[in-house]
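Here is a short briefing on a few residues and their surroundings. Look at the sequence and the model first, then read the points below.

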Amino acid sequence: MREQDNYKNNDPKADWEDMMDIETEVDNVLVKGMVKYLLKERNRIWIPRMIDIMDDDKSLFAVGALHVLDLVERLEKEGYRLTPLDIK
């Protein structure tokens, strides 16, 4: 499946696998740095903000596909139950 197809099919796991399919050591270092700082660190910073918003009322957050898996895991660890929207 091509990258564009994964995105169109709303498949964050496939998007993640595409991103992690790296060919060189330089790419490996760059991707791991990006994952650590642009995804995981950014998500870590956003979790308390998201919780504050969710505690006030029902909420909807739109995030990039690669953020989804990590955010879901972090929010579930905090005791939240997440329900994906049926967009069909």
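**Buried contacts and a surface patch**

N43 is buried, at a relative accessible area of 2%. The model is predicted.

**N43**
- N43 sits in helix α3, which spans residues 25–56.
- Its 2% relative accessible area is under the 20% cut-off, so N43 counts as buried.
- Beyond its neighbours within four places in sequence, N43 contacts H67, D70, L71 and R74.

**H67**
- H67 belongs to helix α4, residues 65–77.
- H67 is buried too, because its relative accessible area of 15% is under 20%.
- Setting aside neighbours within four places in sequence, H67 touches L38, L39, R42 and N43.
- H67 and L39 lie 28 residues apart in sequence, yet their C-alpha atoms are 6.1 Å apart in space.

**Surface patch**
- Which residues form a nonpolar patch on the surface? They are L60, L85 and I87.
- Together these three residues have about 380 Å² of accessible area.
- L60 is located in the loop between α3 and α4.
- L60 has 66% relative accessibility, which is over 50%, so L60 counts as exposed.
- N43 is buried, whereas L60 is exposed.

Note on methods
Residues numbered from 1 in each chain as written. Predicted model: local features only at pLDDT ≥ 70, side-chain atom pairs only at ≥ 80, totals over all residues. Heavy atoms only, no water. Helix = DSSP H or I, 4+ residues; strand = E, 2+ residues; numbered from the N terminus. Buried < 20%, exposed > 50% of the residue type's maximum accessible area, 1.4 Å probe, protein only. Contact = heavy atoms within 4.5 Å. Patch = residues over 30% accessible without salt bridge, like charges linked within 9 Å, V, L, I, M, F, W, Y side chains within 5 Å. Areas by Shrake-Rupley, 256 points an atom, 1.4 Å probe, with all protein chains shown as cover. Salt bridge = Lys/Arg side-chain N within 4 Å of Asp/Glu carboxyl O.
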